[in-house]
Amino acid sequence: MDSTPAELKPYLEAEKIRQKRKDAELWQAGIYETSATFTAVANALMGKKCKAEYLKKPLLESAEEEKRKQEGILSEEEKKKQRNALLASLQLMQANFELNHEKGRQDE
């Protein structure tokens, strides 16, 4: 009761932060519910032709993954996937080269 308005300011700021956090949580819940509803309705109406899918990853996980990609920080699994993709690409290039090189020899 003896506090001045200046002493109460940090409590007001803390309450504003709590409200923003709660608002963000409710917004995320709405995104998940919307995705689930859309997927269910699309599957019911379109059947096997439907390509609608529920969110594959939580929103925060997707955002963190995108941030890591932008910063160039990759998990071990992501690095392994990239190495495998590079290896497959190089093997394809080698096979194409060998096919074209054999063709050139046969023509001579």
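Five salt bridges occur in the structure, which is a predicted model.

- R18 and E15 pair through their side chains, with an N to O distance of 3.1 Å.
- The two residues sit three apart in helix α1, so about one helical turn separates R18 from E15.
- R18 is partly exposed, at 49% relative accessibility.
- E15 is also partly exposed, with a relative accessible area of 34%.

- E76 bridges to K79, and their closest N and O atoms are 3.7 Å apart.
- Helix α3 covers residues 76-107, and E76 and K79 are three residues apart in it, about one helical turn.
- E76 is exposed, with a relative accessible area of 56%.
- K79 counts as partly exposed, at 34% relative accessibility.
- E77 and K81 form a salt bridge through their side chains, at 3.6 Å from N to O.
- Four residues separate E77 from K81 along helix α3, about one turn of the helix.
- E77 counts as exposed because its relative accessibility is 55%, above the 50% cut-off.
- K81 is exposed as well, with a relative accessible area of 54%.

**Nonpolar surface patch**
- V41, L45 and M46 make up a nonpolar patch on the surface.
- Together these three residues have about 320 Å² of accessible area.
- M46 belongs to helix α1, which covers residues 5-46.
- M46 is partly exposed, at 48% relative accessible area.

Key:
Residues numbered from 1 in each chain as written. Predicted model: local features only at pLDDT ≥ 70, side-chain atom pairs only at ≥ 80, totals over all residues. Heavy atoms only, no water. Patch = residues over 30% accessible without salt bridge, like charges linked within 9 Å, V, L, I, M, F, W, Y side chains within 5 Å. Areas by Shrake-Rupley, 256 points an atom, 1.4 Å probe, with all protein chains shown as cover. Salt bridge = Lys/Arg side-chain N within 4 Å of Asp/Glu carboxyl O. Buried < 20%, exposed > 50% of the residue type's maximum accessible area, 1.4 Å probe, protein only.
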